[in-house]
Amino acid sequence: MSDKLYIFDTTLRDGEQVPGCQLNTVEKIEVAKALEILGVDIIEAGFPVSSPGDFNSVVEISKAVIWPTICALTRAVEKDIEIAADALKYAKKGRIHTGIGTSHYHIHYKLNSNPEAILERAVAAVKYAKRFVEDVEFYAEDAGRSDNVYLAKVVEAVIKAGATVVNIPDTTGYCLPHQYGEKIKFLMENVKGVHNAILSTHCHNDLGMATANTIAGVMNGARQAEVTINGIGERAGNTSLEEVVMTLKSHDLKIDTSVNTKKIYKTSRMIASLMNMPVQANKAIVGRNAFAHSSGIHQDGVLKHRENYEIIDPKDVGIDESSIVLTARSGRAALKNRLELLGFKLNKEKLDKAYEEFLKLADKKKEINDDDVALLVGDIRKEDRRIKLDFLQVVSGKSLTPMATVRLNIAGEVFCATMAGNGPVDATIKAIKAIIHRKTVLHEFLIQAITRGSDDIGKVHMQVVFEDKVYYGFGAHTDIVTASAEAFIDAINKMSPAGNSLVNSEQVQMVNVE
Ligand code: KIV
Ligand code: ZN
């Protein structure tokens, strides 16, 4: 008989903390439903006290999702716990995840406290959370660098106070696999009452060991793993769901999960697209090259017998190896099929639009891969935004002053401005700023190519500051100036209030477009 490993997905909390990965509530519900279909046991839906948006997302996800437990994060602070309990009021099964730092660093330099006081706060937080929900998880932040004897004392006390799950995070991704495994073993052997709760792993990937540490923890008794899709998360990320699940499926460790592995690829693509976070090509399980064999010897070996060079059947993670490439000759049905495989369901009107855009892109790029398709859909979704880029023309060259003419459609009205700049992107941003009446400062501007070659799609991430708040913008296009304009407009859309007050009427022309 196999043991069950509970899969706790924190894509919507630890994953969503990543700059540029922020989702709106509708998108979060879409992700939560995909996680439910994937078969995760617990969805960490947010940190309700952190913002009204996070609170609302936890409320709406609680309403939308049926089977998984919905979890809300708090600090060991009464107000946080009350707000989390309120956000969880519609959850069929709700869990409060509360905790505090237990390492020397956190106790002394973050919390300015001492071990005894921290232990008291930990117990008090669990007891307080128990007033609102039965299922309370406690996290001992920076447990990876915490002294094992003190950690065991804390774990024992919080279990006695009613914690149903105790999370042992390697918050800084510092542990080696044998150290993390020994930590879990030590707790399993030295905490009185440890069998009254489940120990959970929560590993960060700063040294690239998050999955190895998680598996070491599981092999030593942890029965919940905290993971994210594609391993996204703070800094170098969290343990990736697909790696843990497929490791357990590939090795006979007598530990299973409830994840439907055939949905892994689809969910991975959906997260990559919604969060504007492409998956690196050589990423285990879900990277573009994870099942690609390029050397002649390997190709020959795979053709003779797939298992010569593959430990996982791509079909087990939902990859249909035969249909990766789309070209200008592909029909609407092929695009629809690919979109569905990637987890996107578009209505007829949106599919027509996607196909139109697909053909334009296929004319520019010989092969359309899954990243391109996902970006295309992202563009179609942008159509619902209030401010849209209607037209862009740039003139630039070696001995020319770069000039850009931008036309924006703002809630149905079209405005136009032309500006000069020190380069085509600068001129374009200045022209947009001439139309939009907002004192914005561009904080970060990052251009990346998705694959390779001069026909590639360029991705632009921007951080735009307006009234002391940072807004993230994303744009993708084969033309990098257009991608930059789209990224800037994306950020502005996130800040724009209703009404036309955002238009700088002195500098722009209203244009009549037939
Ligand atoms: O990494 C960490 O310690 C966390 C906790 C808040 C669970 O994310
Ligand atoms: Zn974390």
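**Salt bridges across the chain**

Arg235 and Asp206 join their side chains in a salt bridge, 2.7 Å from N to O. Arg235 sits in the loop between β9 (224-227) and α10 (241-250), and Asp206 in the loop between β8 (198-203) and α9 (210-219), so the pair ties together parts 29 residues apart in sequence. Asp206 counts as partly exposed because its relative accessibility is 31%. Salt bridges with shared partners also join Lys353, Glu356, Glu357 and Lys360 into one network.

The model is predicted: local features need pLDDT of at least 70, side-chain atom pairs count only at pLDDT 80 or more, and totals for chains, interfaces and linings use all residues. Residues are numbered from 1 along each chain as its sequence is written, chains are lettered from A and ligands numbered from 1 in the order in which they are written, and side-chain values use heavy atoms, without hydrogens and water.

A salt bridge here is a side-chain nitrogen of Lys or Arg within 4 Å of a carboxyl oxygen of Asp or Glu. The whole structure holds 30 salt bridges. Helices (H or I, at least four residues) and strands (E, at least two) are DSSP runs, numbered from the N terminus.

Arg95 bridges to Asp135, with the closest N and O atoms 2.9 Å apart. Buried means under 20% relative accessible area, exposed over 50%, partly exposed in between (1.4 Å probe, protein chains only).

Lys110 pairs with Glu141, the closest N and O atoms being 3.0 Å apart. Lys110 is partly exposed, at 49% relative accessibility.
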